[in-house]
Amino acid sequence: MAEQGPVVYIVDDDSAVRNAMENLIRSVGLRVRTFVSADEFLSAGLPSVPGCLILDVRMPGRSGIDLQSELLKVGNPIPIIFISGHGDVPMAVRVMKAGAVEFLIKPFRDQELLDAIQQALGRDRVRRNEDAQVTQLRGRYSSLTPREREVMRFVVTGLLNKQIGAELGTSETTIKLQRGQMMHKMQAESVPELVRMAAKLGVPA
Amino acid sequence: MSSQPKPGASPTLKDCLAGGGKMGALMRSMDWSKTPIGPVETWSLALRMVVQLLLVNRFQLFLWWGPQFCQIYNDASWLILGEKHPNSMGQPASECWAEIWHIIGPLIRTPYQGGDSTWMDDILLEKNRSGFMQETHFTIAYSPVPDASVPGGIGGVLGTVHEITEKVVAERRVMVLRDLRARSTEAKTVEEACAIAGETLCQHAKDIPFALLYLVDADRKRARLAGHAGVDRAKAESPLLMELAPECRDQQIWPLPETLHDAFHVVEDLPRRLATVPPGPWSDPPQTAVALPIRSDLANHHPAGVLVLGISSRLRLDDRYKDFCELVSSQVATAIANARAYEERKKRAETLAEIDLLQDITPGKGAEEQPVMARNELEQRVSERTAQLLKSNEQLRREIAEREKVQAEAIALKEELAAELSAEEASRESEERFRRYFDLGLVGMAITSPTKACLEVNDELCRILGYEREELLHMIWAEMTYPDDLAADVASFNRVLAEEIDGYSMDKRWLRKDGRIIDTIMAAKCVRRSNGSVNYFVGLVQDITERKRAEEEQRKLAALVENSPDFIGLASLDGEVYIVNPAGRALVGLNDAAQATETRVLDYMAEEDRATFQQQIWPHVLREGAWEGETRFRHFKSGAIIPAREHIFLIKEPRTERPVAMAMIVRDITERKRAEEALRTAQEQLAHIARVTTMGELAASIAHEVSQPLTAVVTNGDAGLRWLSQSPPNVEEAQKAMTEMVRQGHRASEVIARIRTLLRKSKSNISTVNINELIGEVLALTRQKAEEHGVIVRVDVARDTPLISGDSVQLQQVLTNLILNALEATNAKKNGAREVLVTSQCQGTNEVVIAVHDAGTGIDPQHMDQLFRPFFTTKETGLGMGLAISRSIVEAHGGRLWATPKPERGTTFQFSLPIRGVF
């Protein structure tokens, strides 16, 4: 579990602040990795475990905000907690809109930071689960025959077996058989469950 | 900012080279480690002390230090060195004075090796000055300088130099003129006069290395060599005959026609013009000669000849030399005129004889044998010539008769005088004595008749009145008397004639021939005949123009002292005050001159300075002849302290150099001190305002600087609590967290202390400053500002920059200013590199240069020269004081601050600071 446990990443050029945060976060049993600059973070290989990023807004070279937009651009959805020396409302709004979890002003209360970390890790965990589910569904969906996919599309839109048979120019019995096969492959217990799966897969109704 | 040390305080490293004018500045700029006496910081106390005294002294002083006699000198002395300066500073004396080392070397070495002080009165040195070897004369005293820190006890030798070249040369030239004059009446012919002049000039080769005297023939077509000195006759350079025709000019070696035509001519580059140059008294021959007309015949405006004079190769041909040559020429002219007058008298006598002869020729004698035509012609010519001669004969006879009459009168007078004298039993001896006085010319003397005619005059009287003897003998004294003084003179004269008195004396002014008025004292005494009537007068006239002028000068000097705004006082060597001028009395609260004479020098000093004066200043004055510096005076009534700058010097008897009194010139510097203090306060306040302004600009940066360590403290505290609340508590981690808390707490308080320092109104506080550390601190304060602007500040500092001495707060202020300016300049630009580079670099061993380069918009060239002016700003919110104050701070550190546009873009601001500079 220790190797697979979540990791908190810290990017701050001030070693004192960086070390202090590391110390605090370790004290609640989380793993921490620290970076002195945005570039160092970008070039590091990260394990695929739940994690979050604590990011100083102002740094020499690439700033925290620059790093956020860079991550969005490359599709890295890691949750970000910003910390800043001073409250700058427009800046806070900007980073929150871009998906940041929290914007903390130094010096901050430990609980605020830890709560933000928990929230961010939770969010990452959920995202990771959803990602895993979609991957599973895709596998199931790809095992369907073309006819089964058509049947699924009609089932999701709410048509009865008879109506589907008419649409596809075949008998209700055949459809019933194919529908059972499809439901089994997709491991769907009920039509509503299949509808949710379809939504996740983005199968057009 | 006074660096003037108090007397007696031992000079520290910093101030021993302070002040001292140009030489002080030169010495400060030098790398002494390259000289035999090594870097300044290794100098002994004795050396520092003597250098400091030497630099501020106004006398010409040289110091030769150490076994190699490394040379140091002051402002007063560098003229002596001529073009040896400035290499001569710090140079071993034997190198600097190589050409005269055989003379001065032993004089310096003797006191250095423990012998007596040496002294040399009028030493002649040939010295290379202004590009050629010059004849110079000095009086030099060499005295040992004790230094306890060296084994021999003597660190070096102090040379007090007094240059007397001008005096020596001037005295010598007066001798030349005197000798010429003394022999000016000997000659019977013009040729003889020229020969005598040549002989005389032979004796004075130092000023006249050679001389050629050419006389112009009566037809003015040729000139003959009539006198010569320092060169033989009939050599290439001394031809016996020279053609004066203009077409011959180019072949002549001397420019006689030109000189006869338009006076003074300088002939340069003799070695090139002449095959052999007359050698002269020095090792190398004269380079230059001058040619002057001899004006002895003023009546017809034609000079009698030309005098060619060699110019000493050891002297500069300045105005004085030229004047001297003119005077030599006019003395020669006088001698020629005297001889010519003699010759003319003789010729007249011969002419008379010729006329007598002609009158013997009777017309018609032997005429029968002559053809008529020829006889008529001859008769006519003879009669014309006879008429001519008879006419001049008559004129001459008349003149001679007059002269004979006058002479007869004089002879009669003399005979009568002799008779009277013998009758009055005056011995012949006394007559001779009178004659000697008469001829000696100590005073002007005349024997005059009761009709005011001059019967006999001596040379001195001729000189005083500016007339030739012959002219005076035809004048009466009344016509030479200044009109305002005539009445008084005539009144007394008439009383003598009336037998009321036998003589009188008066201050009398005369009108010279040249129109000048001359002051004299005149005494007249009559000699009476046995019947009581006046036989003749003996008049004595003494020229007191010089004395009057001296009196006038004396009066002006006295007025100068009386009216001087400075304290001027004179005292005996025992300290008894003779006089204190009114300004001086006012300064110290003395009632009158009489009260001043009851005081002693020490009474003027503030209590605190009396010991210093007695133990150090006064001995220094006695030893060196002068002292200059600052002490405190005392007000006699209020006892108030008066800061004073003093110049004390000994007054010496001109001939023996024996000190006879001391003089003290004192200036009240209270106002100056106050003004300096006010200026310093104002500057400090201004700098403070500028710092506060800068701090305002830095507020965000500073907040960040404080919030960083605070964040670390709080976060570490939180972490520590959490480690401890675990079960079991993780003490090790908690300790780590707390150690970090303490560290960061200190960091925060350092930041605050730094800010407080910058905001404090502090007097300048000099310490050693490490430039690279200083750069680091300023970057810490401005880092956040740089991040705000998105500018990267890069640093490229020289390793091992030496320490400098200065005020670190002020220097931080300068650098902060430059960096903030650079950040703003970079920010104002939309694209391109957003980078500021801060560098430090050693320039040689003398200074370190700190530069801030930005790649910003650059500075408008038309603003470049105004940049450093107060209240000049291009920023909307700027005060415009930053750069002005920065520059004044840097300059107070002995450095410079300047800006240069960078070739590609942006600007470089940089400032230099002297390494171990004097502040």
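This is a predicted model: local features need pLDDT of at least 70, side-chain atom pairs count only at pLDDT 80 or more; totals for chains, interfaces and linings use all residues.
**Stop 1: chain A**

Select chain A and colour it by secondary structure. Follow the chain from its N terminus and the elements come in the order β-α-β-α-β-α-β-α-β-α-α-α-α-α. Chain A has 205 residues, and 32% of them count as buried. Among contacts in chain A with a separation of 6 or more, 61% join residues 24 or more positions apart.

**Stop 2: where chain A touches chain B**

Now show both chains together. Here 18 residues of chain A are in contact with 22 residues of chain B. Which helix gives the most to the side of chain A that touches chain B? Select residues 15–27 of chain A: this is helix H1, and it contributes 8 residues. Colour that side of chain A by residue class and you will count 8 nonpolar, 6 polar and 4 charged residues.

**Stop 3: a sheet in chain B**

Move over to chain B and look for an open sheet of 6 strands, ordered S8-S7-S6-S11-S10-S9, with antiparallel pairing. To see its edges, select 241–243 for strand S8 and 265–267 for strand S9 of chain B; each of these pairs on one side only. On average, and ignoring direction, neighbouring strands of the sheet are turned by 25° against each other.

For one bridge, pick B:His265 and its partner in S10(B), B:Ala291.

Next, select residues 190–202 of chain B. This is helix H7, lying across strand S6 (211–216) and strand S7 (222–229) of chain B, and it runs at about 40° to S7(B).

**Stop 4**

Finally, select residues 808–827 and 882–892 of chain B, which are helices H24 and H25. Their axes come within 9 Å and cross at roughly 140°. How does the opening rule describe this pair? H24(B) and H25(B) are therefore oblique to each other. The crossing in which H24(B) passes H25(B) is left-handed.

Show side chains to see who meets whom: B:Gln810, B:Gln813, B:Val814 and B:Asn817 in H24(B) meet B:Gly882, B:Ser886, B:Ile889 and B:Val890 in H25(B). By class, the residues of this contact are 3 nonpolar, 5 polar and no charged.

Notes: Residues are numbered from 1 along each chain as its sequence is written. Chains are lettered from A and ligands numbered from 1 in the order in which they are written. Axes are lines fitted to C-alpha atoms, for helices over the stretch in contact, and angles run from 0 to 180 degrees between N-to-C directions. Helices (H or I, at least four residues) and strands (E, at least two) are DSSP runs, numbered from the N terminus. Angles under 35 degrees count as roughly parallel, over 145 as roughly antiparallel, 65 to 115 as roughly perpendicular and the rest as oblique. A crossing is left-handed if the near helix is turned anticlockwise from the far one by less than a right angle, and right-handed if clockwise. Two residues are in contact if their C-beta atoms, placed from the backbone, lie within 7 Å. Ala, Val, Leu, Ile, Met, Phe, Trp, Tyr, Cys and Pro count as nonpolar, Asp, Glu, Lys and Arg as charged, and the others, Gly among them, as polar. Two strands pair if DSSP finds at least two bridges between them. A residue is buried if 20 or more other C-beta atoms lie within 10 Å of its own, exposed if 12 or fewer, and partly exposed in between; C-beta atoms are placed from the backbone.
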